[in-house]
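The exercises below are to be worked with the sequence and the coordinates open. Each task is followed by a solution in steps.

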Amino acid sequence: MSAPAALRAPGLAFLAGLFAIVAAWGFEIIGGYLPCKLCLQERVPYYVGLPILLVGLLLSSRMPRLARLLYFVGGAIFFVGSALAGYHVGAEWKLWEGPSDCGGAPTVITSATDLMAAVKGTRLVSCSEAPINLFGLSFAGWDALSTLFVGVMSWRGIFARRDALI
């Protein structure tokens, strides 16, 4: 028997979001792709939105109105994440300037030895250059699509009848 759309759409949103953030961690930890400042900011909707969606899923049978409110809030958070990722994509495509402080962290240099150690140990990651393109999209491009999908599916759970199926 299929689950009602009030559960299936937000459940799919949760699983898609979980897959996306785990993939981002995998590319960083296993693949060695260091995230830039915008990449790290784009992870915040996952850290905030996924727990909200999970609570909504857990409450959906006992408190459906609260669950729908949580789906709305979670979806809105992911739409904001999609806009941020879209901004990042635009910076990568040189449609506009990226953040001026993206690419390196400030360090305090007190001697030439400290300077050499900082230069050797610093790996700059620019927000305006995509480190890799997978099927024509950068990490930011995939994030824009992922967060948009999670937002849409979250909001689909708001408007679904409890007995309706996807």
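The accessible surface of the protein is about 9,900 Å², and carbon and sulfur atoms hold 70% of this area. The coordinates belong to a predicted model.

**Exercise 1. Determine how many helices and strands the protein has, and which element has the lowest mean pLDDT.**

Solution. Step 1: the assignment gives six helices and zero strands. From the N terminus the order of elements is therefore written α-α-α-α-α-α.

Step 1: the mean pLDDT of the protein is 82, with 74% of the residues at 70 or more.

Step 2: where pLDDT is low, predicted coordinates should not be read in detail.

Step 3: of contacts between residues at least 6 apart in sequence, 75% join residues at least 24 apart.

**Exercise 2. Find which residues have the most contacts inside the largest nonpolar core, and which element supplies the largest share of this core.**

Solution. Step 1: buried residues make up 37% of the 166 residues in the protein.

Step 1: the largest nonpolar core has 15 residues, and Tyr 46, Leu 50, Leu 53, Tyr 71 and Phe 78 have the most contacts inside it. At least two residues of this core come from each of α1, α3, α4 (64-92) and α6 (139-159). The largest share is that of α1, with five residues.

Step 2: leaving out residues up to four places away in sequence, Tyr 46 touches Gly 17, Ala 20, Ile 21, Pro 51, Phe 78, Asp 143, Ser 146 and Thr 147.

**Exercise 3. State whether Pro 45 is buried or exposed, and list what it touches.**

Solution. Step 1: Pro 45 is found in helix α3. Its relative accessible area is 8%, so Pro 45 is buried, the cut-off being under 20%.

Step 1: apart from residues up to four places away in sequence, Pro 45 touches Leu 50, Ile 77, Phe 78 and Gly 81.

Step 2: Pro 45 and Gly 17 are 28 residues apart along the chain, and their C-alpha atoms are separated by 9.4 Å.

**Exercise 4. Identify which residues make the nonpolar surface patch, and which element gives the most to it.**

Solution. Step 1: the patch covers about 890 Å² and is made by Leu 15, Leu 18, Val 22, Trp 25, Ile 29, Ile 30, Val 44, Tyr 47 and Val 48.

Step 1: the elements giving two or more residues to the patch are α1 (5-29) and α3 (44-59). Helix α1 gives the most, five residues.

Step 2: take Tyr 47, found in helix α3, as a check. Its relative accessibility is 42%, so Tyr 47 counts as partly exposed.

Step 3: for comparison, in soluble globular proteins nonpolar side chains tend to be buried together.

**Exercise 5. Locate the salt bridge and state which parts of the chain the pair ties together.**

Solution. Step 1: a search of the whole structure finds one salt bridge. The side chains of Glu 28 and Arg 43 meet in it, with an N to O distance of 2.8 Å.

Step 1: Glu 28 lies in helix α1, while Arg 43 lies in the loop between α2 (37-42) and α3, so the pair ties together parts 15 residues apart in sequence.

Step 2: Glu 28 is partly exposed at 26% relative accessible area, whereas Arg 43, at 9%, counts as buried.

Key. Residues are numbered from 1 along each chain as its sequence is written. This is a predicted model: local features need pLDDT of at least 70, side-chain atom pairs count only at pLDDT 80 or more; totals for chains, interfaces and linings use all residues. Side-chain values use heavy atoms; hydrogens and water are left out. Patches are made of residues with over 30% relative accessible area and no salt bridge: like charges are joined within 9 Å, nonpolar side chains (Val, Leu, Ile, Met, Phe, Trp, Tyr) within 5 Å. Accessible areas come from the Shrake-Rupley method with a 1.4 Å probe; for residues, only the protein chains shown count as cover. A salt bridge is a side-chain nitrogen of Lys or Arg within 4 Å of a carboxyl oxygen of Asp or Glu. Helices (H or I, at least four residues) and strands (E, at least two) are DSSP runs, numbered from the N terminus. Buried means under 20% relative accessible area, exposed over 50%, partly exposed in between (1.4 Å probe, protein chains only). Contact means heavy atoms within 4.5 Å. A nonpolar core is a set of buried Ala, Val, Leu, Ile, Met, Phe, Trp, Tyr and Cys residues joined through side-chain atoms within 4.5 Å. pLDDT is the predictor's confidence in each residue, from 0 to 100.
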